[in-house]
Amino acid sequence: MKKGVLSLISLALSVTMLAGCGSKPASEPSGGAGGETPKANFMVGMVTDAGTIDDKSFNQGTYEGIKKANEDFKMKYKYLKPAGQTEADYSKEITNLYDAGYKFIVTPGFKFETAVFKAQDKYTDAKFVIIDGTPNSGEPDAPPVVKENTVSIYFAEQESGFLAGVATALHVKDGQAGFIGGLEIPPVQKFNWGFQQGVAYANENLGTKLVINKENVVYQGSFDDVAAGSQLAAQMYDRGVNVIFAAAGGVGVGAINEAKTRVQNGSDVWVVGVDVDQYQDGVYEGDKSVILTSAVKKIDHAAYDMIKAEMEGKFPGGQTLTLDATNDGIGLPENNPNLSDDVLKQVDEVFNKIKGGEIKVSAEQGDLIK
Amino acid sequence: MNNSVKSLVAVLFGLIAGALLMALTGHDPVEGYKYLIQGGLKNPERIGNTLATATPLILTGLSVAFAFRTGLFNIGAAGQMLFGGFCATAVGLSLELPRALLLLVMVLAGFIGGALWAVVPGFLKAKYNVHEVVSTIMMNWTAYWTVYYVIPAYFKGTSLETESRQLPADAMLHQQWLSDMFQGSYINFGFFIAVIAVLVVAFLINKTTLGYELKAVGFNRHASEYAGIAVKRSIVLSMFISGGLAGLAGVAQYAGNASSLQIGVMPSQGFDGIAVALLGINAPVGVFVSALFFGILYSGRGFMNAMTEIPPEIADSIIAIIIYFAATSILIERLYHKLKLRRAANKKQGE
């Protein structure tokens, strides 16, 4: 018992010592400052999803959008990284941002749905942007509730996957393709289904013969197991797959690593990246990369557009937006050094057909694999 | 050198090292620590959150400490916590009972789930002398993948594939008056479970014959056997209790701090429990205090990030440094001895 009391005292001492250092109380951000005129001392906060800020995906894309907005609008911005992935962890960071005066809060990922659901009521003078999700209470069959101070943004992943599928089929022409997903969640599934439809479209209309076998469509089950990604990719390449579409965060990085090794040993294999332009991640020599192309979701645009809208007083509060081909929210990267001009031209045509509604890409599984 | 002084020195070194890191990266350490403490304790809501953050750490710390005291290195608190939380969630989602009874059954299920998860390594250790470090780590992944398959198969949420359905309000440890008392904090009954567990373990280990036997096996297995203690039974029982405590951490985490169980996430509290136990010198009350300290660090960190320009990664490093110093507190003791010896030697030379 004595030991315990002593450690209690020691802790108390260290705490008071530290607390004593800071005598001046933090300047409290005043309550209802937000409202309709946010221009002056506008502060944008972001809470990261699982993974780091340089995850080459959601976190990074969102943050880059915020940084780009900063170049144009000069505001204070900051991201916080929660300690865990529970609603409590997310809510805590939202509170931290709010208390520090960041009243425009961007949350990338469906995991924020319940945290934002509560926060939009608790902090009515703050504004929330949630990407790839809608606020809801988390109860079974709970309806989405997007309050006036919140915007929810989705992407048409299937269209992005479709374009990548067409480009891949046109490049490889004859061979096998595979798919590695992270978790089996709607955004990843839609990439998969879109990719399959894209390949099928090219096979039917553009004279390619790219096959996707059932055993080569796999969800690894996480977004961070790099080693498992390498292993899955190795198995697929061994089965004769020429190109893998990896929509799997860190798992995809494993697949890219495996492809690099194989290309350096002389085989002709490719990876199709996801979310952002992953060309740089696949560089193995000089500026040569194993990334054939990437199925891009313009996450940075989403963050940028919302901040811009807020600056102009046009924040679309209460709405659920979908970014797709019609508003250039998805697509292939601007530069595709591994694709020929001819391929790019054909992909462009397909893109315009999607835009014009001539090609409909289904967001449902239908009779597609997984 | 007194053990708790050692812990204090470890914390102090950690804080100094953290301050140096802040200074080196061009930030003001005084300001950083000020906001860190404020973030953890500024208002009732934050205090409540700090206590709630500390709750699973108290229990996993207690789990690891209890195993340590009985000579076992239970590195599998993460898996036991996950499986305990899973059992409690399964009960909460399947049974319809009056609230008080339901919570009691959930807590029991959590305890037994965690305990069973630890009994397997305990049995392997007792019977075949398989080292528990290896087997408990393997059990971590077994729990991880079991939950990974069972949750989507039987308890899947309506919209998300990656987490269980949300627990009904009656099956959660939240209580309105408690949340109100802490101004909307997510503190819950888990904290009281942790406090009770601390008291029970302290009593068990210090005041009972059973505790004495378990400790004796920890000190010297062969001597205990010679003295007539059922060593094998003791090892299994130690793991049972240790795992059960980690299982309670799972109840507090998944039915208290969170309202559903996510798949594909190994709870970090399991490993933090090792640091908590080390810093708390493996004494129940010490564990309690050091878990609160970690609670402040974890819940104050975000506010420090928000109020200063210290990036979250630096804040993580600072916490890691403090843990590192806490974990190596044995080095501090050695250093102290060395200094003492040298001083004695100098004295002798002087004479």
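This is a predicted model: local features need pLDDT of at least 70, side-chain atom pairs count only at pLDDT 80 or more; totals for chains, interfaces and linings use all residues.
Lys118(A) comes out as partly exposed, because its relative accessibility is 45%, which falls between the 20% and 50% cut-offs. Its salt-bridge partner is Glu87(A), with N and O 2.8 Å apart. The two residues sit on helices of chain A: Lys118(A) on H4 (residues 113–122) and Glu87(A) on H3 (residues 87–99), so the bridge ties together parts 31 residues apart in sequence. Glu87(A) has a relative accessible area of 16% and counts as buried, because the limit for that class is under 20%.

Over all chains, the structure holds 18 salt bridges. One of them pairs Lys297(A) with Asp132(A), where the closest N and O atoms are 3.0 Å apart. Lys297(A) belongs to strand S12 (residues 291–297), while Asp132(A) is in the loop between strand S4 (127–131) and strand S5 (150–155), so this bridge links parts of chain A that are 165 residues apart in sequence. Both Lys297(A) and Asp132(A) are buried.

## Two domains in chain A

Chain A splits into domain 1 (21–145) and domain 2 (158–296 + 331–355). What do the two domains put into their contact? Domain 1 of chain A gives 5 residues and domain 2 of chain A gives 7. Taken over C-alpha atoms, their centres are 32 Å apart.

Together, the two domains of chain A bury about 500 Å², with 61% of that on carbon and sulfur atoms. On the domain 1 side, Lys56(A), Ser57(A) and Phe110(A) lose the most area, together 71% of what that side buries. That side of domain 1 has 2 nonpolar, 1 polar and 2 charged residues. Between these domains the count is 0 salt bridges, and there are 0 residue pairs in polar contact, with both residues at pLDDT 80 or more.

## Where chain B meets chain A

Now for the contact between chains. Chain B brings 50 residues to it and chain A brings 52. The buried area is about 4400 Å², and carbon and sulfur atoms give 60% of it. Lys34(B), Gln166(B) and Val289(B) supply 11% of what chain B buries against chain A, more than any other three residues.

Which elements of chain B give two or more residues to this contact? They are helices H1 (3–24), H2 (29–41), H3, H6 (132–154), H11 (231–257), H13 (284–307) and H14 (312–327) of chain B. H13(B) gives the most, with 11 residues. By class, the chain B side has 22 nonpolar, 18 polar and 10 charged residues.

One of the salt bridges in the model joins Asp99(A) and Arg46(B), at 2.7 Å from N to O. This pair crosses between chains, running from helix H3 of chain A to helix H3 (residues 44–69) of chain B. Both Asp99(A) and Arg46(B) are buried.

Glu309(B) also forms a salt bridge, with Lys78(A), where the closest N and O atoms are 3.5 Å apart. As for polar contacts, chain B and chain A have 12 residue pairs, with both residues at pLDDT 80 or more.

Methods
Residues are numbered from 1 along each chain as its sequence is written. Chains are lettered from A and ligands numbered from 1 in the order in which they are written. Side-chain values use heavy atoms; hydrogens and water are left out. Domain bounds come from an automatic or database domain assignment. Contact means heavy atoms within 4.5 Å. Buried area is the accessible area (1.4 Å probe) that two parts lose on being put together, summed over both. A salt bridge is a side-chain nitrogen of Lys or Arg within 4 Å of a carboxyl oxygen of Asp or Glu. A polar contact is a pair of N or O atoms within 3.5 Å; within protein, one must be able to donate a hydrogen and the other to accept it, and residues adjacent in sequence count only if both atoms are side-chain atoms. Ala, Val, Leu, Ile, Met, Phe, Trp, Tyr, Cys and Pro count as nonpolar, Asp, Glu, Lys and Arg as charged, and the others, Gly among them, as polar. Helices (H or I, at least four residues) and strands (E, at least two) are DSSP runs, numbered from the N terminus. Buried means under 20% relative accessible area, exposed over 50%, partly exposed in between (1.4 Å probe, protein chains only).
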